Amino acid sequence: MDAKKTPLYDVHTASGGKMVEFGGYCLPVQYETGVIREHMAVRTACGLFDVSHMGEILVEGAGAVRYLNRLLTNDYTVMRVGQARYSPMCREDGGTVDDLIVYKIQDDRYFVVVNASNKDKDFAWMKERETEDALVTDVSDQYAQIALQGPKAETILRRLTDRIPEKNYTALFDGRVGEIPCILSRTGYTGEDGFEIYLAPEKAADMWALLMETGKEDGLIPCGLGARDTLRLEASMPLYGHELSDTITPLEAGLTAFVKLEKPDFIGREALLAHATPERRRVGLKVVSRGIVREHQEVYLDGQPVGVTTSGTHCPYLGGAYAMALVRADIPAQGARVEVDVRGRRLEAETIALPFYKRNR
Amino acid sequence: MTFPKNLMYTKTHEWVLLNDDGTALVGITDYAQDQLGDLVFVNLPEPGDTVTAGESFADVESVKAVSDVLSPVTGEVAEINEVLADEPQRMNQEPYESWFIKVREITDRAELMDADAYQAFVATC
């Protein structure tokens, strides 16, 4: 299958984006500035990302809340219009179908944002479980998405609109940036303050140009998938296919706050209850030796294998190599000295508290 | 992108400087560093190790991925460039100054290209 182009494809190639295939889309992994400078721009100023590959699904009908509460591990009973709420979506066996964000547009209308690489699987999963009073529609082709992330994001946006979502994890469905209508959401995947802007694909290039022009003086630069990954890892946010998967439960991934076991019923609840104290869990690793730890590398304690890494890289802002791993639950989450097998070399690492990086509010 | 005339090149984007005294310096090309992106670590062999033409002798880590570096020559590692351990960004900034290893007692070479041939080769990549 040929990779799809996002509405910003021509903008990326014209601005020196190095294009790769990801989640069925052709997207820039980096621009000419490189991943490290893009990463640092988001931590210290602002970065602009094309995340149009993400999937958008509508759930509509009088039974929408009941449907979501059955489908997802988080609780959607009490929610104000404009709020956004993260949740894992589980299989009956407790494994994870995907992780996603649900926005409440109105009492009987919810907007669900899912990972690009899982979109078709998610939509099929949701459609199979659709009810007469909760109808599911894939609206991904109707939306481009642009993420404006970093401490200067609010400053930049305020030059273009007098209405922004004031609180983290809220959104305006009738937002406007410049003259362009959009859903303006105060969310992101970088560990910084920032906004995710959903808009009509045919307006995406205009929005991108407007934001770049407006933010230039604040140090805004375009950022690719490379920086998106190093930023989310530095902020210790899970990525589906790494920290979460069909065979990794959200409890193992440490997402306990988003799994409401006290809800009477949801898909996966029984399996999760049966393993409410998982045998393995996600921990953070700081690499002590010289070298970089990547995903799928064995972790050892006192010479015994105790788990495997799920993601790892050099974290530019913290200035060192960090990784996340799924390890035996009895391994201390802080201060345990372990070794990681990196292509036959054993690198020393230490378990440290997550997240690695947390912004000052 | 530059292609110094005094160097020879491999199809896998390493450069080698063949010295008159029979030793050689080895590094990665400007094209290689550009393709790899920001480099953050290099894992080098030890002096005294043997390297073999066409086989991996080091790996470089970018923020995104790890890549093997293949030796253009067979011989013994005489010296390694310790500077790269502390300043890996030099491989991006000055790829042709950033030699990885100095090799002596060279007994074999991989298939090598001169600068013009390599530049033409890169144009097809």
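How many residues has the largest nonpolar core, and which of them have the most contacts inside it? In this predicted model, that core has 129 residues. Select A:Val59, A:Leu68, A:Val112, A:Ile146, A:Leu148, A:Ile197 and A:Val293, the residues with the most contacts inside the core. Next, highlight strand β18 of chain A, residues 320–328, which contributes the largest share of this core, 7 residues. As general background, nonpolar side chains in soluble globular proteins tend to be buried together.

Now centre the view on A:Ile197. Once its neighbours within four places in sequence are set aside, A:Ile197 is in contact with A:Gln145, A:Ile146, A:Leu148, A:Val177, A:Cys182, A:Leu184 and A:Met207. Two of these contacts, A:Ile146 and A:Leu148, are also listed among the core residues with the most contacts.

**The domains of chain A**

Colour chain A by its domain assignment: domain 1 covers 4–51 + 143–234, domain 2 covers 55–141 and domain 3 covers 279–352. The centres of domain 1 and domain 3 of chain A, taken over C-alpha atoms, are separated by 31 Å. Their contact takes 7 residues from domain 1 of chain A and 7 residues from domain 3 of chain A. On the domain 1 side, select α2 (35–44) and α7 (225–234) of chain A, each of which supplies at least two residues. The largest share of that side, 4 residues, belongs to α2(A). By class, the side of domain 1 of chain A that touches domain 3 of chain A comprises 3 nonpolar, 2 polar and 2 charged residues.

**Where the chains meet**

Display both chains: 14 residues of chain A are in contact with 10 residues of chain B. On the chain A side, select β3 (25–30), α2, α7 and β17 (304–315), each supplying at least two residues. The side of chain A that touches chain B has 5 nonpolar, 7 polar and 2 charged residues.

**A sheet in chain B**

Finally, turn to chain B, where 3 strands form an open, antiparallel sheet in the order β4-β6-β7. Select β4 (39–43) and β7 (66–70) of chain B: each stands at an edge with a single partner strand, so one side of each has no neighbour in the sheet. From one strand to the next, the twist averages 25 degrees. Strand β6 of chain B, residues 56–62, pairs with β4(B) in the antiparallel sense over 4 bridges. To end the tour, select B:Val42, which stands opposite B:Val60 in β6(B).

Definitions and conventions: Residues numbered from 1 in each chain as written. Chains lettered and ligands numbered in written order. Predicted model: local features only at pLDDT ≥ 70, side-chain atom pairs only at ≥ 80, totals over all residues. Pairing = 2+ DSSP bridges. Axes fitted to C-alpha atoms, helices over the stretch in contact; angles between N-to-C directions. Domains from an automatic or database assignment. Contact = placed C-beta atoms within 7 Å. Nonpolar A, V, L, I, M, F, W, Y, C, P; charged D, E, K, R; others polar. Core = buried A, V, L, I, M, F, W, Y, C linked by C-beta atoms within 7 Å. Buried ≥ 20, exposed ≤ 12 C-beta atoms within 10 Å, placed from the backbone.
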